[in-house]
Structures are given as structure tokens and as C-alpha cells.
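Welcome! Have the sequence and the 3D view ready, and take your time turning the model around as you read.

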Amino acid sequence: MRYDPPFPKSNGFRPTLIALAVLAVLPFIFTDSYSRHILILAFVFAIVAASWDLSLGFGGLFNFAHVALFAVGVYTYGILAKTLGVSPWIAMPAGGITAMALAGLIALPVLRLSGIYVILVTIAFSQLIYQVIISQSDITGGTSGMVTLPSLELFDYRFIKNHRIGYYYTALALLIAATAFLYTLTRSRFGRAIVAMRDNKYYAMSRGVSEARTRLLALMASGLFTGIAGGFYGSYVRVASPDAFGLGFLTLLLSILLLGGAATIWGPLIAALIITVLSEAMGDLGPWRNIIIAVTIVLVLVFYPGGLWAAFQELREVFDTVRTGLIARLRRSREKAAREARLNATETMIRTRHGLIAAADSGEPDGEAGPPILMIHGNSSCKEVFANQFKAFGKTHRMISFDLPGHGVSANADPEKVYNVPAYAEIAEDVLDFYGVERPIVFGWSLGGYIALELAASGRAVRGVAIAGTPPLAVAPDDVGQAYDATSHFILAGKQYLSPMEMRNFATATAGEKTPGTAYLHEAVNRTDGRARFYMITKLMVVNWPRQMRMLREGAVPFAILNGSDDPFLNHGYIAGLTYGAIWTGQPHDIADGGHAPFVRKPDAFNTAFSAFIGEACDR
Amino acid sequence: MSADTLLFVITGGLVLGALYALMATGLAVVWTTLGIFNFAHGAFIAAGAYIAWQISSAEASGLGYAAGALGSVVGMFFVGVACYALLVKPFERQPNLVLLSVITTLAGASVLESGIDILWGSRSKQLPRIVDGDVSLAGVTISANEAVLMVFVLVILTVLGLFLRRAPAGRAMRAVAQNRESAQLMGLDVPRLYAIAFGLSAALAAFAGVFVGSIRFMTPTMGSDPLMKALIVVIFGGVARFTSPIFAAFIVGLIEAFATFYAGLYWAPAVLFAIMIVVLIIKPEGLFGKYQRTVQ
């Protein structure tokens, strides 16, 4: 199961639109032929490098004959358009066809080999084609190549006129088409097969992916726009020369690909622009230019083996951390009154061993009091999600809740150390110690459910534990597949950056439709530190799950499960099939139409059940 | 075809084979020990030739051929060690070392070739011949230079073979090549041996450069053709034994000589590459390689 939102609703949509708009108006800023020439070259290299990324980055096939595919596109254009007099508009796409056919030929030896042998056989293949081309000098012009190829024109308008404006937009159109092709392909079923074949060949084969077919088609698909770009290049520089086979061109493309970041599509596009502009800017340095470029490549690879794309991701993480941290800091004082009114409680900032945590306390109730209640919220939410319960139980119980680190108005924290369930349980302990609360009833929702179980299982004295939307696990991550129904929204729980649509989907699936009353819960998703989602999921393994299961089986702690009957994430059969030593009502209690958050959607039914559980837990 | 022509073609092939053996063995030393393919090997050959020219040529220092060869070999050993430290060592722990080392060694080749261009200019140069005149043996006449060259190559390869089989350092290198973890557990200094392997490979490239420079013109990019040939040889013969690339080199040299004679200058490389592809498909571990279940 994999989750991919449609492109217009993904995070990349707006930046792509902006980049497109910039590229579309760029020729009006750079009106001279030379700047446009560099941009056109950058577009061509970007197409070739990004296409190579399909086989090399996504497919893990080290096809070093990729430059030969490009050269074959150039020669196809030359032979068709000049020697045979075919229209350039037919000769250009024909370059793509011959490149695809050649890629199919290359695939034959590649299918039997792996690793470094693929590099060697494809280099040999590329050299073989080079030798064949220079030996046929009456057709291809031999080592001096073909010159004065026909250029592009449409209705007698020559594209070279007006400072190459026609070529610029043709190259841009090709770039957009190639990117759309690669983007769609990598997100399709076939694209996943390519990646699966790279990551775990035998598992992919056992799931019915054909190795030969996948590799063959991946290579051919990488050849399509490479060949067309070759044809376009031939029409633009009007020369078909065997230089394209040289190690120099191979090094240029490979450095674009690796500097940009393999298996990213977008990385090579950005790197092509940077490297082409840089190398042109240093044009008058002669051999020094090659030295500077080579040293830059090695330095970037030493410090960012994932290329510029990895560096960009780090930058994005810094930006997102600062953004969410600022939101929390601003709200901490500004909206404090509104938050306190919502819960009818006092908010305090507590310095715990895992950073600054915002906690709410309704205080000791007047008159006859029940046990104190600690409520722990779930992933990408905030403590105010329990507003209904604070109001209903606040008169008879001391209600305590807190924002998890990276959530609500608590501070962002060190992701490696803090964003995991055991650390969250330690924070809960610190909050209880701060208020001096002994033996509370602990309620946890979703992720909070695991925190509640961890808190009780680690030995903290509690009067009872209730969970909602949490299937107890014995082995992570193996049980996750059974315990949850893998809906697409479930994937969002561990996704670092959510697009606006994804935030809406996630908040709706967890807390319900956006209404004026629940708008703050939708806003809480936006504030949450993305690293909290990502690290929490990746660190599920550090939790001592068998200890939690043992506690539930032994039944020393009063326990209740209060799920919504229509919870979209849970596998109810899995939860009912577990062994519980002491569970309230003898089985998981379902609240009709409660969704993932029954205490928000059906507060009355939930409060009645919760209250009954508290009564029974206190009687024991 | 007369007997004379046949002998002429065969001796030509043997001379080529001797040069290829030297280049391919240098390439194979790095490949077997480190498991990577060094694309800077061609640039090593060029750099070796230019250093030798700088020391030996009358236009520069003028210290004579022997001093040039010696200086070049010693100098290139350290260039090789430096290349290992800068281009390969930083990436050793990366999972995609094979791919990364391709681009870093290509970058290294680019730096070396451009550096040669800056230091010595792009005008072609030539090293003096080792000896002048011709020698005749059993009715075959070849230039004395080529004969001496072949003798030197055989001596160098014999010494290298003895080093790898008898000398403690050579045996340690082979141990690392066979099983890095075990060798490390036995207390061998693996990074140092890797550096020595790289330096040794560069020193062999320097020899190749010195010899090539005395029979052909030198340009900064003179190494790219020998690199391709060495690549064919290594694949053709495999690297199972130290001698595999040497036998393969002579076979390739002979094939090239005959292909040039029969099919023409332009077709000879095409024939070689076609043969290489066929060998790779049928027997990826090389003609003299042992069967392995997995080919890395």
C-alpha cells in the first residue's frame, strides 16, 4: 500500500507552478542570445539527466550507454532530416524511437548482469556504437561528424530568429513533457515495480514482478525523451558529432545526476541549471574550469552523498522546525485565555526532562471528588481535544492533560531523543509528579493510548487505563499491518510534510469534519512538528511492546477499550481477538458512530461509558 | 597471406598485448583489492608519461630516460595514494560506493588531465626511444625499442607477480582482496593496504605511460584509449588470478592486430567491443574466471 496524492494536491504543486512561471517569463528578462543559449542547453541536459535517473536512480541499473542514446537521437535527426530530407518535426521524435530501440538492445546483456558488470558492458556497448558510427563515414561523416543539419521552422518562421525565442520555448515544452512523463511513470504501478526491483529483487519477483520485463521497459522509457532531446539538440546546434560519446559528456551528465540527487527527478533538473550556468560562467578559465567542477563534485558528494536534493531537504526541515516552533511560541501567551476557557483549566509551562511542556490542570474539585484523570492526546493533535471531558468531569475529578512535545504549545524537541513513545511516557510521569498526583485514571487516545499503556506498564501506579483508537501491539512493526486497516490516511500519520489537502484529510479522519467548533483541531495538525510524526513511526521499534501486552494479559490494572464502532483506522477483529485479563464489560466497548475520536464525535455516549469504567475501576 | 605478413601481424599483436597486459594488470590490482573500477587509470598513464618527459627530455630537465622512468614511477605511486585518500576513502562506507567511485574517479581523471594541460600545454610531445635500430630473431625483424619494451614488461610483471605471491605486503593485499573482514580480524591494516594497492596500480600506469610515450605522441588525453583497451582486457580475462588479464591482454592484442589487418583500422575496436559484450553475456566472470553464483 502506498499513498500518493494527485499532483495538484501534493506539496510539490505550488513550487512547480512558480518554477514554470519563472521559466516562462525568463526569456523576457534575458533577451540576449547567449543567456538563452545557456538555458536551452541546461534544459536539454536536464531532460537527459532526469531520464537517466529513471534507469540509474529508480531502477538501480547502471546504464552507462545512456549518452549513446542521446547521440543516437542526434544522428537519427541528422540522417533523417539532412540526408533523407524528412521534416525536422518528424525527425526529432524519430530520435526518441531509435533511442528506445537501442535501449532495448542494451537491455539484453544488462538483464543477465548486475553491479559493476552492468557499468562495464554498457560502456563497451556505447563504445561499440561509437566505433560503428565513425566507421560509416559516408553516412555519418566519420570522426568529423555531420554539419549544417536543418534547423527548426514553422510556417516559414525560423526558430533561431528573435534571439532563439522559438528554440527556448520548444526546449521548455520538451522539458515539461519529459518531466510529466517521468513523474507519472515513477508514481504508476510500473514505476513502483522498477523501484521494488532495485530495492529487493527477489521479493519483487515473488510478488509477480517480471525482472526482464521491468528492466527492459525501464531502459526503453529512459531512452524515449533522451532520444527526442538528442533530435532537438541536433536541430539546435546543427551538428551531429561523435563527441557525445566521450567521457567528458558522460562526466557532465553523471555529475548533474549525482549532484542533484539520484532517484528524485527534480534534483537533476535543478542541478542541470546550476552546473550548466556555472560551467558557462567559467568558460574563459580554460582547463581550470574542469578542475573546479571536478573538485566541486567530489566535495558535494563527500558532504552530501544524497546530492543537492538531500541538502534541500535538510534546509526544508530546518525551515519547518522554525515555523512550527514559532507558531507554538506565539500562541503560548497570546491565545492562553481562549485555551483555558475551552478546558476550564489553568495552563502551566512545565520544564520536564524532555523539554518545555504545556500542561492543563482543572484543579481539585469542590465537594466529593473522584480519582484524578490524566488525558493524553494523539498524533498531530493537542490537549484541547478533550474539551468535552474537561467540562463533564471537571466538577467531580481533577482533570490533567498536556501537549506532547512538538504538538500544541509545547516546545519542539530533539527528534532523536524525544519523539518516541517511551520518552512521551516519561514526560507524562514528570507532569504527574509536577502536580503531585497519585494513582490517576489514565486515558489515552490513539498514539496517546500507547503512551498510557507504556506509563502503566513501566510501573507507575495508576488506578485504571482506558484507550481509544489504539490497537495494542505485541511486535512492531509486524503487527501494525494486522492491527490497522491500511487506509491512505493512515500513511499520513508518519509523513513528515503534509500538504494542505493532506492536513485536512488527516484531521477529518482523526477528529472529524471541520466545523467552527473543531477548527482548532484542524489547525493543530498544521502546528505539529513534522519530525514528531516521522520519528515516532520510525521509532516504534524502541517500545517494549511485550511488556504492555503482558500487563494487559495479567489484568492487574483495570482496563477499558472505548473505540468508535466505525473507526476508519482500526481492525476491530484484531483488537477483539487479543487476550485481556481484566477488561471492562469483558470485551472492547464500541461507541456507535464514534469514528476515530468518539469523545469528540459522540461525547455523551463516551462520557457515560467512561464514567461507568471509572466507577468500576475505583471499586476494585 | 604470406608467412612474412603473418609474422609481422603476430609480432605487432604481441607488442600491443604486452602494453595492454601492463595497463590491465594495473587496473585489475585496484579492482580485485577494492572492488571498484578506477576510471582515472587512463589519466594515470598520461600523467606518468608527462612526468617522465619532464625529467628525461632534453627540452626540460634532461636527466635521461632511466631517471625519467624511475621518477615517474615513484611520483605516480604517491599520486595514486593521494587519489585513494581523496577520491575513494571518503565514500567507503556508502552503500553505493561502486557508483560514487565511478563519478569521483572520473572527476579525478578530469583534474589530472586538466592539470597536465595547464602544466605542459596541449601540444603533443614524445619521449625518446629507449634504444634505436632493429633487431632480428629467427627471421623476424622488429624495432629494438619494441623488443626492449616487451622484455621490460615481462620483467615488471614477473616482479609484480613475485611481490603478490611471496612478499608479506603482497600476500596481505591478496588476503584483503579475498576477504576484507577476515583480513581485518587478522590484524591487517586494510586502509593502508588499499592505499598501497592504489599506489601500485598508479606506478604500473606510469610504466605504461613511459612505454606508450616512447612509441606514440603524448597528449593530455592520451590515456583514454588505453583505458578502454585495459577495460576490455580485464573483462575478457577476468581477475580470478593475477595472470588472467596478462593472457587476455595477449589474446586481445593479437585479435586487434588481425582485425586491423583484415577489417581495417576503424572496425578493429568495434570487433573488440563486440567480443567483450559476448564474453560478458556468456561468462561475466571472464574467460579464465571461476564460476561464481553471484557476480558483484
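Below is a short tour of the model, topic by topic.

This is a predicted model. Chain A has 620 residues, and buried residues make up 50% of them. Its secondary structure comes to 28 helices and ten strands, and the C-alpha trace of chain A spans about 105 × 50 × 45 Å along its principal axes.

**Overall fold of chain A**
- Among contacts in chain A with a separation of 6 or more, 74% are between residues 24 or more positions apart.

**The nonpolar cores**
- The largest nonpolar core has 205 residues, and the ones with the most contacts inside it are A:Ile47, A:Leu253, B:Ala49 and B:Met76.
- Helix H8 of chain B, residues 190-215, provides the largest share of this core, with 17 residues.
- Which residues does B:Ala49 touch, leaving aside its neighbours within four places in sequence? They are B:Leu127, B:Gly209, B:Val210, B:Val212, B:Gly213, B:Met218 and B:Met222.
- There is also a second, separate core of 94 residues, which includes A:Ala359, A:Ile467, A:Tyr520 and A:Phe569.
- As a general background idea, nonpolar side chains tend to be buried together in soluble globular proteins.

**The sheet in chain A**
- Eight strands of chain A form an open sheet with mixed pairing, in the order E3-E4-E6-E5-E7-E8-E9-E10.
- At the edges are strand E3 (346-352) and strand E10 (589-591) of chain A, each of which pairs on one side only.
- On average, neighbouring strands of this sheet are turned by 25° against each other, direction ignored.
- Strand E5 (residues 373-376) and strand E7 (residues 441-445) of chain A run parallel and are joined by four bridges. For A:Ile376, the bridge partner in E7(A) is A:Gly444.
- Helix H18 of chain A (residues 421-435) packs on the sheet, where it touches E3, strand E4 (355-361), E5 and strand E6 (399-402) of chain A. The direction of H18 makes about 120° with that of E3(A).

**Where chain A meets chain B**
- In this contact region, 35 residues of chain A are in contact with 35 residues of chain B.
- Helix H5 (116-135), helix H11 (247-260) and helix H13 (287-303) of chain A each supply at least two residues of the side that touches chain B. H5(A) gives the most, with 14 residues.
- What kinds of residues make up the side of chain A that touches chain B? That side has 26 nonpolar, eight polar and one charged residues.

**A helix with a buried side**
- In helix H25 of chain A (residues 545-554), the buried residues are A:Trp545, A:Gln548, A:Met549, A:Met551 and A:Leu552.
- These residues are on the same side of H25(A) because they cover an arc of only 160° around the axis.
- Their cover includes helix H19 (447-457) and strand E9 (559-564) of chain A.
- After H25(A) comes A:Gly555, with a positive phi near 75°.

**Two backbone angles to look up**
- Most residues other than glycine have a negative phi.
- A:Arg439 is not a glycine, yet its phi is positive, about 45°. A:Arg439 lies in the loop between H18 and E7 of chain A, and it counts as partly exposed because it has 13 C-beta neighbours inside 10 Å.
- A:Asp593, also a residue other than glycine, has a positive phi near 55°. A:Asp593 lies in the loop between E10 and helix H27 (598-601) of chain A. With 12 C-beta neighbours inside 10 Å, A:Asp593 counts as exposed.

Technical notes
Residues are numbered from 1 along each chain as its sequence is written. Chains are lettered from A and ligands numbered from 1 in the order in which they are written. This is a predicted model: local features need pLDDT of at least 70, side-chain atom pairs count only at pLDDT 80 or more; totals for chains, interfaces and linings use all residues. A nonpolar core is a set of buried Ala, Val, Leu, Ile, Met, Phe, Trp, Tyr and Cys residues joined through C-beta atoms within 7 Å. A residue is buried if 20 or more other C-beta atoms lie within 10 Å of its own, exposed if 12 or fewer, and partly exposed in between; C-beta atoms are placed from the backbone. Two residues are in contact if their C-beta atoms, placed from the backbone, lie within 7 Å. Two strands pair if DSSP finds at least two bridges between them. Axes are lines fitted to C-alpha atoms, for helices over the stretch in contact, and angles run from 0 to 180 degrees between N-to-C directions. Ala, Val, Leu, Ile, Met, Phe, Trp, Tyr, Cys and Pro count as nonpolar, Asp, Glu, Lys and Arg as charged, and the others, Gly among them, as polar. The arc is that of the directions from the helix axis to the C-beta atoms.
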